[in-house]
Amino acid sequence: PQDASPAAQADAYICLLDALGIDQADVLAASAGAPSALQFALRHPARCKALVLLVPMLYSPHRDPAKSPATVSFVVNIMLRSEFLVWLAPHLSRATVEKSMLGTPPAVVERASPEEQARVQSMITQILPIGPRRSGLLNDVKIVSSVPRYELEQVSVPTLAISTADDLYGSYDAALYTSVHIAKGQFIGFASGGHMLVGDQGETRDAIVAFLQQGEGSDH
């Protein structure tokens with residue numbers, strides 16, 4: 001649509017919940033899904049029970065908005081130009097794909113368990129086809145390249161932000177900053193794992209389950 005802003009997306013989620021007959025929902029968002037999820041919590045707090053943000057692409061005062069991550073440039077210049085290039089890239093250099101498409105250091109994937117390596121491979125395979133996703137990807141790039149600071153102090157729902165220090169998309173600072181400025185915010189940071197949280201899946205899943213089971217959550 002002409003207006004595909006995070007706020008418009010948040011309002012669309014309400015339409016979905018209404019259509020499904022769901023009054024309240026726990027909201028889990030990853031990467032570029034974080035801006036619309038945060039807007040959902042701000043615009044429709046009565047419909048949001050709790051918010052989980054995984055490697056969120058959100059505002060950080062340490063991020064220079066004029067400098068987009070190299071991974072974003074790769075998406076625009078390679079992924080959105082040619083289905084063939086996206087198919088060819090992992091055959092030429094899997095490490096380049098892991099670093100540029102998935103925002104994860106190749107060394108992290110190399111050290112991971114066979115199960116985690118298979119998950120990464122699955123993510124690479126599922127990138128295709130690009131065509132049906134092109135408009136959405138372009139919109140994501142536009143949003144995360146210049147995401148503003150939202151009114152975090154107005155977020156009233158329990159919020160858990162999770163990221164890794166070596167996320168090549170740079171979500172760590174944003175996750176920490178966001179959680180610190182939300183009254184019922186919590187933060188979990190891993191030393192490694194990249195944007196795909198490689199090797200952190202088990203701990204992440206357990207942390208999310210425990211957080212949602214807390215009900216109202218807890219303060220810092």
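The legends below describe close-up views of a predicted model.

**View 1. The open sheet of four parallel strands.** In this view, 4 strands form an open sheet in the order β1-β2-β3-β4, and the pairing between them is parallel. Because β1 (residues 25–30) and β4 (residues 185–190) stand at the edges, each with a single partner strand, one side of each is left without a neighbour in the sheet. On average, and with direction ignored, neighbouring strands of this sheet are turned by 15° against each other. Strands of a sheet pair through backbone hydrogen bonds, either parallel or antiparallel.

**View 2. Helix α1 and its buried face.** Helix α1 (residues 6–20) has 15 residues and reaches 21 Å from its first C-alpha to its last, which is close to the 21 Å expected at 1.5 Å a residue. Within α1, the residues Pro6, Ala10, Ile14 and Leu17 are buried. Seen down the axis of α1, its buried residues fall within an arc of 105°, so they line one face of the helix. On the other side of α1, Cys15 and Ala19 are exposed. The elements that cover the buried residues of α1 include β1, α2 (residues 34–43) and α8 (residues 134–145). Just after α1, glycine 21 takes a positive phi of about 70°.

View 3. Helix α9 (residues 171–180) lies across β2, β3 (residues 159–164) and β4, and runs at about 155° to β4. The buried residues of α9 are Ser171, Ala174, Ala175, Tyr177, Thr178 and Ser179, and what covers them includes β2, β3 and β4. Helix α10 (residues 201–213) lies across β1, β2, β3 and β4, and runs at about 160° to β2.

Definitions and conventions: Residues numbered from 1 in each chain as written. Predicted model: local features only at pLDDT ≥ 70, side-chain atom pairs only at ≥ 80, totals over all residues. Heavy atoms only, no water. Pairing = 2+ DSSP bridges. Helix = DSSP H or I, 4+ residues; strand = E, 2+ residues; numbered from the N terminus. Axes fitted to C-alpha atoms, helices over the stretch in contact; angles between N-to-C directions. Contact = heavy atoms within 4.5 Å. Expected span 1.5 Å × (residues − 1). Buried < 20%, exposed > 50% of the residue type's maximum accessible area, 1.4 Å probe, protein only. Arc of directions from axis to C-beta.
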